[in-house]
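Please look through the sequence and the coordinates below before reading on. The paragraphs that follow move from the sheet to the helix packing and then to the backbone.

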Amino acid sequence: MLDLLIHNASLPDGRRHMSVAVQGGRITEVTQRLTPEAAPAAEVVDAGGMLLSSPFVDAHFHMDATLSLGLPRLNQSGTLLEGIALWGELKPDLTFDALVDRALAYCDWAVANGLLAIRSHVDTSDPSMLAVEALLAVKKKVAPYIDLQLVAFPQDGVLRSKGGVDNLKKALSLGVDVVGGIPHFERTMADGAASVKLLCELAAEQGKLVDMHCDESDDPLSRHVETLAFEVNRLGLHGRVTGSHLTSMHSMDNYYVSKLLPLMAEAQLSAVSNPLINITLQGRHDTYPKRRGMTRVPEIMAAGMTVAFGQDCCMDPWYSMGSGDMLEVASMGLHVAQMTSQPAMQQCFDAVTTNPARILHLEGYGLEKGCHADLVLLQAQNPIEAIRLKATRLKVWRRGALVAQTPARTAALALPGRPASTSFLHTK
Ligand code: FE2
């Protein structure tokens, strides 16, 4: 007998009336019209034609800062730089327990939203490694229900801050998974380029992935992504390196971008755009017209690279909003990038599911035989409808076990001559 059979489901690739069989935490079959009679299971779910997806994945988050909104004060200018300064004011007051509590609260929201894998940056600037130790403890605690991957992130600049290199190395030795960086925050362009070189060499030596905050700036001359691509080629790190934010690309000259994109593609760079944050932090020095400050997502995708949309921040010094809802993130990305064609909207769904899974190098992710039985049933008929509705996560499974459920969205009152309820689904 199977552990779980979900039948009559629609899948993100458009297949309908599909059944997914689960045994021992893994998907054992994905096929059409496998009935409960033909395949008895301990738990049987009729998906009613709704969308069954692999879980959401967030390729870019800051779990050490999450839910700290207002501590010790609010960001008045709304800029990235005031956010960094504010985080610096908060750091002396951080405690291990408070960091862990806030992170776990966010993880609860994540699971309820079907978000079961997160790559979080953790600030390594503090020699005490307080935030690093706290998030390593969180990683262990949430492992049964969330894959939490940590990036050693030198928020104050690996060269700009005293002891930056040693602190980052210490974080890696404690078990942090990925090498991070912030070249545009180093003192000079030359130092930024030197930091990219140093950090890529460190990753090559230690066999680590790389994910740098790169060119999170409106300055079109912030071109550290070019150096990043160069170092990947030099060190053979192809397919292992991600450029996060890349917002300066929005402001760059088109001619230069026509040279840059092939260099990035040659290095098989991945990109993470953070639409909620980039649309609010960037362009703050502009009057009108105001730049939108999001990188060139459709163009990077068209050049053959993997692009994900990340949450980045949730109720912290940089962003007062957010709820761990990757469909909200996809919706904002869709609007800001004007990705409104049918294939482009589908790509926006991929940008919060399969694409970030590839960036994280997640093992066993997917809707195929042999993959982990990590699944989300959404109150929507297809990925585009899921984004439009920020669809209710009806059920969330991790390794075949139900970990969250939410009642379907309905309206209680009926108008005369109308059906008694509506779920906001589009029925022709
Ligand atoms: Fe970030």
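In what order do the four strands of the open sheet lie, and with what pairing? The order is 3-2-1-4, and the pairing is mixed, where two strands pair if DSSP finds at least two bridges between them, and where strands (E, at least two residues) and helices (H or I, at least four residues) are DSSP runs numbered from the N terminus. This is a predicted model, in which local features need pLDDT of at least 70 and side-chain atom pairs count only at pLDDT 80 or more, while totals for chains, interfaces and linings use all residues. Residues are numbered from 1 along each chain as its sequence is written, and side-chain values use heavy atoms, with hydrogens and water left out.

The edges of this sheet are strand 3 (26–32) and strand 4 (41–46), each of which pairs on one side only. From one strand to the next the twist averages 15 degrees, an angle taken between axes that are lines fitted to C-alpha atoms, for helices over the stretch in contact, with angles running from 0 to 180 degrees between N-to-C directions. Strand 2 (residues 18–23) is joined to strand 3 in the antiparallel sense over six bridges, and Gln23 stands opposite Arg26 in strand 3.

Strand 1 (residues 2–9) contains Asn8, a residue that counts as partly exposed because its relative accessibility is 26%; here buried means under 20% relative accessible area, exposed means over 50%, and partly exposed lies in between (1.4 Å probe, protein chains only). Leaving aside neighbours within four places in sequence, Asn8 is in contact with His17, Met18, Ser19, Asp46, Ala47, Gly48, Gly49 and Met50, contact meaning heavy atoms within 4.5 Å. By comparison, the C-alpha atoms of Asn8 and Leu71 are separated by 48 Å, although the two residues are 63 apart along the chain.

We turn now to the helices. Helix 2 (residues 96–112) packs on helix 3 (residues 130–142) at an angle of about 40 degrees, with the axes 9 Å apart, and helix 2 is therefore oblique to helix 3. Angles under 35 degrees count as roughly parallel, over 145 as roughly antiparallel, 65 to 115 as roughly perpendicular and the rest as oblique. This crossing of helix 2 and helix 3 is right-handed, a crossing being left-handed if the near helix is turned anticlockwise from the far one by less than a right angle, and right-handed if clockwise. Among the residues that make the contact are Phe96, Leu99 and Val100 of helix 2 and Leu130, Ala131 and Glu133 of helix 3. The contact of helix 2 with helix 3 comprises 13 nonpolar, no polar and two charged residues, with Ala, Val, Leu, Ile, Met, Phe, Trp, Tyr, Cys and Pro counted as nonpolar, Asp, Glu, Lys and Arg as charged, and the others, Gly among them, as polar.

The loops hold some backbone details. A cis peptide bond, with omega about -10 degrees, joins Leu71 to Pro72, and Pro72 is found in the loop between strand 6 (56–62) and helix 1 (80–90). Tyr288 and Pro289 are likewise joined by a cis peptide bond, with omega about 0 degrees. Asp312, although not a glycine, has a positive phi of about 70 degrees, and counts as buried because its relative accessibility is 2%.
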